[in-house]
Amino acid sequence: HAALVARGFGKPCVAGCEGIHVNEGAHQFSADGRQIKEGDFISINGTAGEVLYITGIDGNRLTINRRKD
């Protein structure tokens, strides 16, 4: 139901994320062996099912790692 409501608002919905492990004390989460810390940049493409991890910002260019799960 959450995904349908989010889609109606044009927003991605992340649901059923058994593969994500959250460490609230350390302000980070991990998925597939990758640590994402507070302050790291990610972008979620809910339509394509991609999580884009931004590894660097150079002016207006972004360097990203594409992960399609």
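## Strand pairing and a nonpolar patch

In the hairpin of β1 and β2, H27 has a positive phi near 55 degrees, and four residues lie between the strands. Strands and helices here are DSSP runs numbered from the N terminus (strands E, at least two residues; helices H or I, at least four). This is a predicted model, in which local features need pLDDT of at least 70, side-chain atom pairs count only at pLDDT 80 or more, and totals for chains, interfaces and linings use all residues. Residues are numbered from 1 along each chain as its sequence is written, and side-chain values use heavy atoms, leaving out hydrogens and water.

Strands count as paired if DSSP finds at least two bridges between them. The two pairings are listed below.

| Strands | Sense | Bridges |
|---|---|---|
| β1 (residues 20–23) and β2 (residues 28–31) | antiparallel | four bridges |
| β2 and β3 (residues 34–37) | antiparallel | four bridges |

On the β3 side, F29 has I36 as its bridge partner. The hairpin of β2 and β3 has two residues between the strands, and D32 takes a positive phi near 50 degrees there.

V14, I20, V22, I42, I44 and V51 make a nonpolar surface patch of about 460 Å². Two or more of its residues come from each of β1 and β4 (41–45). Areas come from the Shrake-Rupley method with a 1.4 Å probe. I42, in strand β4, has a relative accessible area of 34% and is partly exposed (between buried, under 20%, and exposed, over 50%).

Methods: Patch = residues over 30% accessible without salt bridge, like charges linked within 9 Å, V, L, I, M, F, W, Y side chains within 5 Å. Salt bridge = Lys/Arg side-chain N within 4 Å of Asp/Glu carboxyl O. Buried < 20%, exposed > 50% of the residue type's maximum accessible area, 1.4 Å probe, protein only.
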